[in-house]
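Please keep the sequence and the structure in view while reading.

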Amino acid sequence: MRHPVVDREECIGCGQCEQICPEAFELGEDGLAQVINKEPGAELEARIDEAIEDCPTAAISWED
(Lines give C-alpha, C1' and ligand atoms only; values in the text may rest on other atoms or scores of the structure.)
Protein backbone atom coordinates (compact mmCIF):
# COMPACT_ATOMS: atom_id res chain seq x y z
CA MET A 1 0.00 0.00 0.00
CA ARG A 2 1.34 3.42 -0.90
CA HIS A 3 1.48 6.25 1.58
CA PRO A 4 2.42 9.94 1.47
CA VAL A 5 5.88 11.07 2.57
CA VAL A 6 7.38 14.50 3.14
CA ASP A 7 11.02 15.25 2.33
CA ARG A 8 11.70 17.49 5.30
CA GLU A 9 14.93 18.76 3.75
CA GLU A 10 12.88 20.21 0.87
CA CYS A 11 9.92 21.43 2.95
CA ILE A 12 9.71 25.18 3.62
CA GLY A 13 6.74 24.94 6.00
CA CYS A 14 4.31 26.95 3.89
CA GLY A 15 1.36 24.92 5.21
CA GLN A 16 -0.29 24.40 1.82
CA CYS A 17 -0.52 20.62 2.34
CA GLU A 18 -2.14 21.04 5.75
CA GLN A 19 -4.71 23.44 4.29
CA ILE A 20 -5.55 21.04 1.46
CA CYS A 21 -5.63 17.81 3.48
CA PRO A 22 -5.44 18.27 7.26
CA GLU A 23 -6.42 14.62 7.69
CA ALA A 24 -3.01 13.62 6.30
CA PHE A 25 -0.60 16.52 7.00
CA GLU A 26 0.24 19.00 9.73
CA LEU A 27 3.04 21.39 10.51
CA GLY A 28 5.18 20.04 13.32
CA GLU A 29 6.71 21.96 16.21
CA ASP A 30 9.70 22.70 13.97
CA GLY A 31 7.38 24.40 11.45
CA LEU A 32 7.83 21.72 8.79
CA ALA A 33 5.17 19.46 7.32
CA GLN A 34 4.77 15.93 8.56
CA VAL A 35 2.49 13.06 7.66
CA ILE A 36 -0.02 12.28 10.41
CA ASN A 37 -1.96 9.58 8.58
CA LYS A 38 0.38 6.92 7.22
CA GLU A 39 -2.50 4.80 5.87
CA PRO A 40 -4.95 7.22 4.28
CA GLY A 41 -8.04 5.71 2.78
CA ALA A 42 -8.97 5.96 -0.86
CA GLU A 43 -11.24 8.89 -0.02
CA LEU A 44 -8.16 11.07 0.71
CA GLU A 45 -6.10 10.13 -2.36
CA ALA A 46 -7.38 12.96 -4.57
CA ARG A 47 -6.69 15.58 -1.89
CA ILE A 48 -3.23 14.15 -1.20
CA ASP A 49 -2.56 14.26 -4.96
CA GLU A 50 -3.62 17.91 -4.90
CA ALA A 51 -1.24 18.61 -2.00
CA ILE A 52 1.58 16.92 -3.93
CA GLU A 53 0.84 19.03 -7.02
CA ASP A 54 0.53 22.28 -5.06
CA CYS A 55 3.65 21.86 -2.90
CA PRO A 56 5.96 24.70 -4.01
CA THR A 57 9.13 22.69 -3.37
CA ALA A 58 7.88 19.25 -4.50
CA ALA A 59 8.58 17.91 -1.00
CA ILE A 60 5.62 15.52 -0.93
CA SER A 61 5.34 12.24 -2.81
CA TRP A 62 3.81 8.79 -2.66
CA GLU A 63 5.93 5.88 -1.47
CA ASP A 64 5.17 2.17 -1.83
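In general, a disulfide is a covalent bond between the sulfur atoms of two cysteines. The sulfur of C21 has its closest cysteine sulfur in C17, at 8.9 Å, again too far for a bond. By this rule, the count of disulfides comes to zero.

C17 counts as buried because its relative accessibility is 7%, where buried means under 20% relative accessible area, exposed means over 50%, and partly exposed lies in between (1.4 Å probe, protein chains only). C21 is also buried, with a relative accessibility of 0%.

## How the model was read

This is a predicted model, in which local features need pLDDT of at least 70 and side-chain atom pairs count only at pLDDT 80 or more, while totals for chains, interfaces and linings use all residues. Residues are numbered from 1 along each chain as its sequence is written, and side-chain values use heavy atoms, with hydrogens and water left out.

## The overall fold

The protein chain has two helices and four strands, where helices (H or I, at least four residues) and strands (E, at least two) are DSSP runs numbered from the N terminus. Along the sequence these elements follow the pattern β-α-β-β-α-β. The radius of gyration of the protein chain is 10 Å, close to the 11 Å that the globule rule gives for 64 residues, so the chain is as compact as a globular protein of that length; the radius is taken over C-alpha atoms, and the rule is 2.2 Å times the number of residues to the power 0.38.

Along its principal axes, the C-alpha trace spans about 30 × 20 × 15 Å. Buried residues make up 33% of the 64 residues. Among contacts (heavy atoms within 4.5 Å) between residues at least 6 apart in sequence, 55% join residues at least 24 apart.

## Three salt bridges

The structure holds three salt bridges, each being a side-chain nitrogen of Lys or Arg within 4 Å of a carboxyl oxygen of Asp or Glu. In one of them R2 pairs with E45, with the closest N and O atoms 3.3 Å apart. This pair links distant parts of the chain, since R2 lies in the segment before β1 (3-6) and E45 in helix α2 (residues 45-54), 43 residues apart. R2 is partly exposed at 32% relative accessibility, and E45 is partly exposed at 31%.

The side chains of R8 and D30 also meet in a salt bridge, at 2.1 Å from N to O. R8 lies in the loop between β1 and α1 (16-20) and D30 in the loop between β2 and β3, so the pair ties together parts that are 22 residues apart in sequence. E23 and R47 form a salt bridge as well, at 2.6 Å from N to O, and this pair links E23, in the loop between α1 and β2, to R47 in helix α2, 24 residues away in the chain.

## A glycine in a loop

G31 lies in the loop between β2 (25-27) and β3 (33-35), and because its relative accessibility is 29%, G31 counts as partly exposed. G31 and C11 are 20 residues apart in sequence and 9.3 Å apart in space, C-alpha to C-alpha.

Terms used. Disulfide = S-S within 2.5 Å.
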